[in-house]
Amino acid sequence: MSIDAGSRVVVRRGRPSDLDEILDLLTGYGLGREFFAPRYERDPTYRPELSWVAVLDGRIVAHVRVFDRTIRLAGGTLRVAGVGNVITAEEHRRAGHAGRLLEAMLDDVAREGFPYSLLWTHVPRVYARYGWATIGETRVRATVDVAAPRGVAISAEDDPDLDGLAALYDEANRGRTGPALRTRDDWRAQRAWTGERILVARERARVVGYARHREGEILDVAAPHRPAVLSALLAAIVRESGGAARGRLPPSDVALLAADERALEPSDALMGRVVDRAAFVAAVEHVVDRATLGPLFEDQALLARLLFHGAAPSDRAELRERFPPRDFVIWEADAF
């Protein structure tokens, strides 16, 4: 806990008794409490101390949350502090409260061994001041129109076998970089706030693929080793939405779409930064040796690009050899 004597602001970690005030504050995004409450009350990864609050005269005036996530990284895993729900009460903005919270949060999560942090933002320059660098990702607008392969039926299911879907998810994403590791509790909890439709592809009685979407926004899609089924699932989203399937897809899935079936939109909203250097080195030693990694700490944007996307053709040969292209995606269902 820290106290700014000049402004009487107390910066501290959250407590169970703060939740009502935090939910009230979050309505400043223009969404009701009912939108945010499941993300706090039902998320098995949330603990009150993963909120940081600025308190002025006994009232919470600003908030930052960390989403404790573990993502896949080039055959291994990486624990990340996902930063979200950054908000300041309207009448207290431009007083530096968010910056104080970010600095306090970074100090705390570094002491707790988080190697890396991720966030999405529409104001990258703000977070660049605190060390985050643009990673970059590509959003897709797919208008594919194909039928399911012979013998495969696709239909919406209100109560699918989540264990079966989880097995498909793990198989499809095992070799990728970015997808979150999910427990069964995570799967069940996500349904409380995604407002999703689940489309399931069955071949006879066997589930061979699925797609989760919200009014055309792709939350997660998987059909391991069945590209025709995956294309048909995307087409089913298009038909249900009456327009297009929109969102993030890994390069391997984008490649299934013909040029006239997709529109690609680069985005600089995703940002990352190293939090604890020693923990980060230990976490990525399966990807890169310490000698190569050392100089990269001076360029967080290059480091992030190499880790999550792989080297570009214009990079030097050593980097191209050490950082092959990644099949990168962070699914919307796991976003924070």
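# Exercises on a predicted model

In β4, 13 of the 15 residues are buried, so this strand is largely enclosed by the rest of the structure. Keep in mind that the model is predicted. Let's work through it together.

## Exercise 1: The partners of β4

Find the strands that pair with β4, and describe each pairing.

*Solution.* Start with β3. β3 and β4 pair in the antiparallel sense, over six bridges. To see one of them, look at S51, whose bridge partner in β4 is R65. The hairpin of β3 and β4 has two residues between the strands, and D57 takes a positive phi near 50 degrees there.

Now turn to β5. β4 and β5 also pair in the antiparallel sense, over 11 bridges. One place to look is A62, which stands opposite T88 in β5. The hairpin of β4 and β5 has two residues between the strands, and here A74 takes a positive phi near 50 degrees.

## Exercise 2: The largest nonpolar core

Which residues of the largest nonpolar core touch the most other members?

*Solution.* The core has 39 residues, and V66, V83, M105 and W132 touch the most other members. Next, see where the core's residues come from: β2 (9-13), α1 (19-26), α2 (33-41), β3 (51-56), β4 (59-73), β5 (76-88) and α3 (97-111) each give two or more. α3 gives the most, with seven residues.

Then zoom in on V66. Leaving out residues up to four places away in sequence, V66 touches L50, W52, A81, G82, M105, V109 and F114. Finally, look beyond this core: apart from it lies another, of 37 residues, including V140, A142, V152 and A201. As background, nonpolar side chains in soluble globular proteins tend to be buried together.

## Exercise 3: The cavity

How many cavities of 30 Å³ or more does the structure hold? Describe the lining of the largest cavity.

*Solution.* There is one cavity of 30 Å³ or more. The largest cavity holds about 40 Å³ of space. Its lining is made up of R69, I71, V80, L118, A180, I330, D334 and F336. Sorting these by class gives six nonpolar, no polar and two charged residues.

## Exercise 4: The second largest pocket

Which element gives the most residues to the lining of the second largest pocket?

*Solution.* Begin with the space in this pocket, about 220 Å³. Its lining residues are E137, T138, V140, R248, L249, P251, V254, L264, H309, F328, V329 and I330. β8 gives the most, with three.

Key
Residues are numbered from 1 along each chain as its sequence is written. This is a predicted model: local features need pLDDT of at least 70, side-chain atom pairs count only at pLDDT 80 or more; totals for chains, interfaces and linings use all residues. Side-chain values use heavy atoms; hydrogens and water are left out. A nonpolar core is a set of buried Ala, Val, Leu, Ile, Met, Phe, Trp, Tyr and Cys residues joined through side-chain atoms within 4.5 Å. Buried means under 20% relative accessible area, exposed over 50%, partly exposed in between (1.4 Å probe, protein chains only). Helices (H or I, at least four residues) and strands (E, at least two) are DSSP runs, numbered from the N terminus. Contact means heavy atoms within 4.5 Å. On a 1 Å grid over the protein atoms alone, a cavity is a set of points where a 1.4 Å probe fits but cannot get out, and a pocket is an open set with protein on both sides within 12 Å along at least five of seven lines; lining residues have an atom within 4 Å of a point. Grid points are joined across faces, edges and corners, and a volume is the space filled by probe spheres set on the points. Ala, Val, Leu, Ile, Met, Phe, Trp, Tyr, Cys and Pro count as nonpolar, Asp, Glu, Lys and Arg as charged, and the others, Gly among them, as polar. Two strands pair if DSSP finds at least two bridges between them.
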